[in-house]
Amino acid sequence: MNKVYGYIRVSSRDQNEDRQRIAMQDAGVENTRIFMDKQSGKDFERPGYQRLLKKLKPGDTLFIKSIDRLGRNYEEILEQWRLITKGKQAAVVVLDMPLLDTRQGRDLTGTLIADIVLQLLSYVAQTEREFILQRQAEGIAAAKKRGVHFGRKPMQRPTRFDTVVLQWKAGELSAREAAESLQISHTTFLRWAKESSIQSTPCVP
(Lines give C-alpha, C1' and ligand atoms only; values in the text may rest on other atoms or scores of the structure.)
Protein backbone atom coordinates (compact mmCIF):
# COMPACT_ATOMS: atom_id res chain seq x y z
CA MET A 1 0.00 0.00 0.00
CA ASN A 2 1.37 3.39 -1.02
CA LYS A 3 2.11 5.80 1.84
CA VAL A 4 1.99 9.55 2.26
CA TYR A 5 4.81 11.44 4.00
CA GLY A 6 5.59 15.03 4.85
CA TYR A 7 8.88 16.86 5.28
CA ILE A 8 9.41 19.99 7.37
CA ARG A 9 12.56 22.05 7.69
CA VAL A 10 13.21 25.19 9.70
CA SER A 11 16.56 26.94 9.58
CA SER A 12 17.29 27.08 13.31
CA ARG A 13 16.15 25.53 16.59
CA ASP A 14 14.35 28.68 17.71
CA GLN A 15 12.13 28.84 14.62
CA ASN A 16 8.59 27.50 14.84
CA GLU A 17 7.50 24.73 12.49
CA ASP A 18 3.77 24.98 13.29
CA ARG A 19 2.82 26.60 9.98
CA GLN A 20 4.38 23.78 7.98
CA ARG A 21 2.99 21.07 10.29
CA ILE A 22 -0.57 22.45 10.08
CA ALA A 23 -0.31 22.54 6.27
CA MET A 24 0.78 18.88 6.26
CA GLN A 25 -2.09 17.84 8.52
CA ASP A 26 -4.60 19.78 6.40
CA ALA A 27 -3.30 17.84 3.39
CA GLY A 28 -4.02 14.57 5.19
CA VAL A 29 -0.48 13.62 6.24
CA GLU A 30 -0.43 11.66 9.50
CA ASN A 31 1.69 13.21 12.22
CA THR A 32 3.69 9.99 12.61
CA ARG A 33 4.76 10.24 8.96
CA ILE A 34 6.02 13.79 9.11
CA PHE A 35 9.83 14.10 9.18
CA MET A 36 11.51 17.27 10.39
CA ASP A 37 14.92 18.91 10.60
CA LYS A 38 15.80 22.03 12.56
CA GLN A 39 18.94 23.17 10.82
CA SER A 40 20.07 24.97 7.71
CA GLY A 41 19.60 23.50 4.26
CA LYS A 42 23.21 24.08 3.24
CA ASP A 43 23.66 20.34 2.76
CA PHE A 44 21.61 17.16 2.92
CA GLU A 45 23.39 15.43 5.79
CA ARG A 46 20.22 15.94 7.82
CA PRO A 47 18.91 13.09 9.99
CA GLY A 48 15.21 13.67 9.35
CA TYR A 49 15.66 13.97 5.61
CA GLN A 50 17.88 10.90 5.45
CA ARG A 51 15.33 8.83 7.40
CA LEU A 52 12.63 10.03 5.03
CA LEU A 53 14.59 8.96 1.95
CA LYS A 54 15.03 5.48 3.41
CA LYS A 55 11.26 5.22 3.95
CA LEU A 56 10.20 6.39 0.49
CA LYS A 57 9.13 3.60 -1.85
CA PRO A 58 7.86 3.64 -5.45
CA GLY A 59 4.33 5.00 -5.52
CA ASP A 60 4.60 6.89 -2.22
CA THR A 61 3.85 10.63 -2.03
CA LEU A 62 5.89 13.33 -0.32
CA PHE A 63 4.33 16.66 0.72
CA ILE A 64 6.45 19.76 1.32
CA LYS A 65 5.23 23.28 2.12
CA SER A 66 7.47 25.09 -0.35
CA ILE A 67 10.14 24.16 -2.88
CA ASP A 68 13.00 25.68 -0.85
CA ARG A 69 12.48 23.01 1.84
CA LEU A 70 14.42 20.70 -0.50
CA GLY A 71 17.50 22.91 -0.70
CA ARG A 72 18.95 26.40 -0.80
CA ASN A 73 20.15 26.63 -4.36
CA TYR A 74 19.04 25.77 -7.86
CA GLU A 75 21.22 22.69 -8.34
CA GLU A 76 20.38 21.10 -4.98
CA ILE A 77 16.62 21.54 -5.39
CA LEU A 78 16.65 19.98 -8.85
CA GLU A 79 18.94 17.16 -7.69
CA GLN A 80 16.69 16.23 -4.77
CA TRP A 81 13.55 16.54 -6.88
CA ARG A 82 14.98 14.10 -9.43
CA LEU A 83 16.21 11.77 -6.67
CA ILE A 84 12.69 11.53 -5.25
CA THR A 85 10.70 11.43 -8.50
CA LYS A 86 13.13 9.42 -10.66
CA GLY A 87 15.35 7.55 -8.23
CA LYS A 88 12.76 6.73 -5.58
CA GLN A 89 9.87 6.83 -8.08
CA ALA A 90 7.76 8.66 -5.53
CA ALA A 91 5.49 11.64 -6.14
CA VAL A 92 6.13 15.15 -4.80
CA VAL A 93 3.43 17.67 -3.94
CA VAL A 94 4.41 21.29 -3.16
CA LEU A 95 1.56 22.78 -1.13
CA ASP A 96 2.42 26.41 -1.91
CA MET A 97 2.46 25.69 -5.66
CA PRO A 98 -0.32 23.36 -6.90
CA LEU A 99 1.31 23.08 -10.32
CA LEU A 100 4.16 21.18 -8.68
CA ASP A 101 2.32 17.90 -8.21
CA THR A 102 3.74 14.72 -9.77
CA ARG A 103 1.12 12.27 -8.56
CA GLN A 104 0.00 9.62 -11.02
CA GLY A 105 -2.66 10.55 -13.54
CA ARG A 106 -1.03 13.75 -14.78
CA ASP A 107 -0.81 14.04 -18.55
CA LEU A 108 2.25 14.98 -20.60
CA THR A 109 1.30 18.66 -20.66
CA GLY A 110 0.91 18.76 -16.90
CA THR A 111 4.29 17.09 -16.42
CA LEU A 112 5.93 19.56 -18.80
CA ILE A 113 4.39 22.53 -16.97
CA ALA A 114 5.51 21.10 -13.61
CA ASP A 115 9.10 20.75 -14.87
CA ILE A 116 9.15 24.33 -16.17
CA VAL A 117 7.65 25.74 -12.97
CA LEU A 118 10.11 23.70 -10.87
CA GLN A 119 13.13 25.06 -12.70
CA LEU A 120 11.78 28.62 -12.53
CA LEU A 121 11.01 28.44 -8.79
CA SER A 122 14.35 26.78 -8.02
CA TYR A 123 16.14 29.60 -9.82
CA VAL A 124 14.07 32.23 -7.98
CA ALA A 125 14.81 30.58 -4.60
CA GLN A 126 18.55 30.69 -5.27
CA THR A 127 18.45 34.25 -6.61
CA GLU A 128 16.48 35.45 -3.59
CA ARG A 129 19.01 33.89 -1.22
CA GLU A 130 21.89 35.51 -3.12
CA PHE A 131 20.14 38.89 -2.88
CA ILE A 132 19.68 38.43 0.88
CA LEU A 133 23.38 37.61 1.34
CA GLN A 134 24.34 40.58 -0.84
CA ARG A 135 22.14 42.95 1.18
CA GLN A 136 23.61 41.57 4.42
CA ALA A 137 27.16 42.15 3.15
CA GLU A 138 26.30 45.68 1.99
CA GLY A 139 24.64 46.43 5.34
CA ILE A 140 27.68 45.20 7.29
CA ALA A 141 30.04 47.23 5.09
CA ALA A 142 27.93 50.37 5.56
CA ALA A 143 27.78 49.82 9.32
CA LYS A 144 31.55 49.40 9.53
CA LYS A 145 31.98 52.72 7.71
CA ARG A 146 29.79 54.32 10.37
CA GLY A 147 32.10 52.87 13.03
CA VAL A 148 29.86 50.02 14.14
CA HIS A 149 31.90 47.09 15.47
CA PHE A 150 30.84 43.46 15.09
CA GLY A 151 31.84 40.36 16.99
CA ARG A 152 32.57 39.86 20.66
CA LYS A 153 32.64 42.91 22.88
CA PRO A 154 36.23 43.60 23.98
CA MET A 155 37.06 42.49 27.53
CA GLN A 156 37.19 45.36 29.98
CA ARG A 157 40.42 45.86 31.90
CA PRO A 158 40.10 45.44 35.69
CA THR A 159 40.17 48.63 37.75
CA ARG A 160 43.42 47.48 39.44
CA PHE A 161 45.17 46.91 36.11
CA ASP A 162 47.39 50.02 36.11
CA THR A 163 48.50 49.37 39.68
CA VAL A 164 49.38 45.75 38.96
CA VAL A 165 51.24 46.71 35.78
CA LEU A 166 53.36 49.13 37.78
CA GLN A 167 54.17 46.37 40.28
CA TRP A 168 55.10 44.06 37.40
CA LYS A 169 57.28 46.67 35.73
CA ALA A 170 58.98 47.33 39.08
CA GLY A 171 59.76 43.63 39.37
CA GLU A 172 57.50 43.09 42.37
CA LEU A 173 55.34 40.57 40.48
CA SER A 174 55.94 38.15 37.65
CA ALA A 175 53.65 38.37 34.64
CA ARG A 176 51.90 35.17 35.69
CA GLU A 177 51.39 36.41 39.24
CA ALA A 178 50.05 39.70 37.89
CA ALA A 179 47.65 37.86 35.56
CA GLU A 180 46.42 35.62 38.39
CA SER A 181 45.81 38.59 40.66
CA LEU A 182 43.67 40.18 37.94
CA GLN A 183 41.98 36.85 37.07
CA ILE A 184 42.95 37.06 33.41
CA SER A 185 45.18 34.91 31.22
CA HIS A 186 48.95 35.34 31.09
CA THR A 187 48.86 36.23 27.37
CA THR A 188 46.06 38.78 27.88
CA PHE A 189 48.03 40.47 30.64
CA LEU A 190 51.18 40.71 28.50
CA ARG A 191 49.18 42.08 25.54
CA TRP A 192 47.45 44.69 27.66
CA ALA A 193 50.71 45.61 29.40
CA LYS A 194 52.37 46.12 26.02
CA GLU A 195 49.51 48.41 24.98
CA SER A 196 49.61 50.26 28.30
CA SER A 197 50.75 53.87 28.27
CA ILE A 198 52.53 53.42 31.62
CA GLN A 199 56.18 53.76 30.92
CA SER A 200 58.64 51.75 32.99
CA THR A 201 61.07 48.93 32.52
CA PRO A 202 59.56 45.45 32.98
CA CYS A 203 61.66 43.13 35.05
CA VAL A 204 60.04 39.73 35.53
CA PRO A 205 58.35 37.95 32.57
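Because the model is predicted, local features need pLDDT of at least 70 and side-chain atom pairs count only at pLDDT 80 or more, while totals for chains, interfaces and linings use all residues. Residues are numbered from 1 along each chain as its sequence is written, and side-chain values use heavy atoms, with hydrogens and water left out.

The protein has seven helices and four strands, where helices (H or I, at least four residues) and strands (E, at least two) are DSSP runs numbered from the N terminus. Read from the N terminus, the order of elements is β-α-β-α-β-α-β-α-α-α-α. Of the 205 residues, 36% are buried; buried means under 20% relative accessible area and exposed over 50%, with partly exposed in between (1.4 Å probe, protein chains only). The accessible surface comes to about 13,200 Å², and 52% of this belongs to carbon and sulfur atoms; such areas come from the Shrake-Rupley method with a 1.4 Å probe, and for residues only the protein chains shown count as cover.

After helix 1 comes Gly28, with a positive phi near 95 degrees.

Next come strands 3 and 4, which pair in the parallel sense over four bridges; pairing requires at least two bridges found by DSSP between two strands. Within this pairing, Ile64 has Val94 of strand 4 as its bridge partner. The path from strand 3 through helix 3 to strand 4 is a right-handed β-α-β crossover, meaning that, with the strands pointing away from the viewer, the path from the first strand over the helix to the second runs clockwise. In a regular strand the side chains alternate between the two faces of the sheet. In strand 4, Ala91 and Val93 point one way and Val92 and Val94 the other, and all are buried.

In soluble globular proteins, nonpolar side chains tend to be buried together. A nonpolar core is a set of buried Ala, Val, Leu, Ile, Met, Phe, Trp, Tyr and Cys residues joined through side-chain atoms within 4.5 Å. The largest such core has 23 residues, of which Leu52, Ile67, Trp81, Ile84 and Leu100 touch the most other members. Strand 1, helix 2 (47–55), strand 3, helix 3 (74–87), strand 4 (91–94) and helix 4 (108–145) each give two or more residues to this core. A second, separate core of twelve residues includes Trp168, Ala178, Phe189 and Ala193.

Leu52 lies in helix 2 and counts as buried because its relative accessibility is 0%. Apart from neighbours within four places in sequence, Leu52 is in contact (heavy atoms within 4.5 Å) with Tyr5, Tyr7, Phe35 and Leu62.

Finally, helix 7 (residues 186–195) has Thr188, Phe189, Trp192 and Ala193 buried. These residues fall within an arc of 130 degrees seen down the axis, so they line one face of helix 7. They pack against helix 5 (161–169) and helix 6 (175–182).

Conventions: The arc is that of the directions from the helix axis to the C-beta atoms.
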